[in-house]
Amino acid sequence: MNYLLRNCANLESRQLLHARSLTSAAVHNPHLTTRARQTVRVASGTLTLSKAEHAKIDRFLRINQAGETAAVTIYRGQMAVLGRNPELREMLTHMRDQEAEHLRTMDRLVADFRVRPTVLQPVAAVGGYLLGVTSALLGVRSAMTCTEAVETRIGGHYNDQLRELHVMEHEGLDELKRCIAKCRDEELEHLDTAVENGSQLAPLYRLQFELIKGGCSVAIWLCDRI
């Protein structure tokens with residue numbers, strides 16, 4: 001009996017030691033935990049991310065792609081109503097062209113990081129256009145209120161993403177961070193342009209601003225999940 005007990009104890013000890021050695025090896029050798037990691041190709045080469053990191057980037061880029069899709073069509077909608085004015089057409093064209101460049105950047109990043117686009121992408125395009133047309137029909141200042149509200153929400157959203165990406169210490173993510181920072185800066189330029197052009201003088205300014213900003217938050221939540 002003692003012999004059997006000693007053998008059982010020795011076997012249990014060996015199993016514990018083996019499990020400990022595997023755990024230690026996995027910490028020092030990430031190739032042993034490939035199931036918990038995903039590899040993506042980026043401009044700087046191949047990047048290995050944990051599943052949690054890739055899931056976070058997946059969410060960011062899915063939302064960003066839909067957001068930039070809506071932004072392009074918002075300005076197209078505003079131009080359809082206000083484009084006869086040469087000064088307004090020039091201003092709106094400049095902002096639309098920057099948003100179109102943002103969208104091309106997000107399309108490329110979505111492909112690089114193997115992100116599943118939201119199925120609401122067509123809804124974002126149509127919804128953005130309708131918002132642009134509706135805000136413009138209410139007048140130039142209301143159109144600018146729309147821009148201020150959208151860019152306030154999106155600029156803050158990009159800031160939140162940059163803070164979370166800063167925690168991920170991968171050199172391969174530097175380009176992603178630069179792209180998002182550039183988009184953020186240009187969105188905030190659009191916000192400043194809107195304020196300079198009377199956004200806060202629109203009728204029922206606060207109501208319009210909060211409704212549109214709140215709508216952006218709902219859209220972000222939906223695109224994250226669908």
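**Group meeting: cavities, a pocket and some loop residues**

I will start with helix 4, where Gln 121, Ala 124, Gly 128, Gly 132, Val 133, Ser 135 and Ala 136 are buried. Buried here means under 20% relative accessible area, exposed means over 50%, and partly exposed is in between, with a 1.4 Å probe and protein chains only. Helices are DSSP runs of H or I with at least four residues, strands are runs of E with at least two, and both are numbered from the N terminus.

Two remarks on the source. This is a predicted model, in which local features need pLDDT of at least 70 and side-chain atom pairs count only at pLDDT 80 or more, while totals for chains, interfaces and linings use all residues. Residues are numbered from 1 along each chain as its sequence is written, and side-chain values use heavy atoms, with hydrogens and water left out.

Back to helix 4. What covers its buried residues? The cover includes helix 2, residues 51-82, and helix 5, residues 140-167. Contact is taken as heavy atoms within 4.5 Å. On length, helix 4 runs over residues 121-137, and its 17 residues should span 24 Å at 1.5 Å a residue; the end C-alpha atoms are 25 Å apart, which agrees. The expected span is 1.5 Å times one less than the number of residues. After helix 4 comes Gly 139, with a positive phi near 120°.

Helix 6 can be treated likewise. Its 23 residues, 174-196, should span 33 Å at 1.5 Å a residue, and the end C-alpha atoms are 33 Å apart, in agreement. Just after helix 6, Gly 198 has a positive phi of about 90°.

Next, the empty space. Rolling a probe the size of a water molecule over the atoms shows where such space is left. The search uses a 1 Å grid over the protein atoms alone: a cavity is a set of points where a 1.4 Å probe fits but cannot get out, a pocket is an open set with protein on both sides within 12 Å along at least five of seven lines, and lining residues have an atom within 4 Å of a point. Grid points are joined across faces, edges and corners, and a volume is the space filled by probe spheres set on the points.

How many cavities of 30 Å³ or more are there? The count is 2. The largest cavity has a volume of about 80 Å³. Its lining includes Asn 64, Glu 68, Glu 99, His 157 and Glu 187. Helix 2 and helix 5 are the elements that give two or more residues to this lining, and helix 2 gives the most, with 5 residues. By class, the lining of the largest cavity has 5 nonpolar, 3 polar and 4 charged residues. For the classes, Ala, Val, Leu, Ile, Met, Phe, Trp, Tyr, Cys and Pro count as nonpolar, Asp, Glu, Lys and Arg as charged, and the others, Gly among them, as polar.

The second largest cavity holds about 40 Å³. It is lined by Ala 71, Ile 74, Tyr 75, Glu 99, Thr 147, Val 150 and Glu 151. Helix 2 and helix 5 each supply at least two residues here, and the classes are 4 nonpolar, 1 polar and 2 charged.

Now the largest pocket, with about 490 Å³ of space. Of its 22 lining residues, Ala 70, Ala 124, Gly 215, Cys 216 and Ala 219 are the closest to its centre. Which helix gives the most to this lining? Helix 7 does, with 8 residues. Helix 2, helix 4, helix 5 and helix 7 each supply at least two. The lining has 18 nonpolar, 4 polar and no charged residues.

Arg 114 lies between helix 3 and helix 4, and has a positive phi of about 55° although it is not a glycine. Arg 114 is exposed, with a relative accessible area of 56%. Val 115 lies in the loop between helix 3, residues 86-112, and helix 4, but is buried, at 8%. Not counting residues up to four places away in sequence, Val 115 touches Asp 58, Leu 61, Arg 62 and Val 110.

Lastly, Leu 204 sits in the loop between helix 6 and helix 7. Leu 204 is not a glycine, yet its phi is positive, about 50°. At 63% relative accessibility, Leu 204 counts as exposed.
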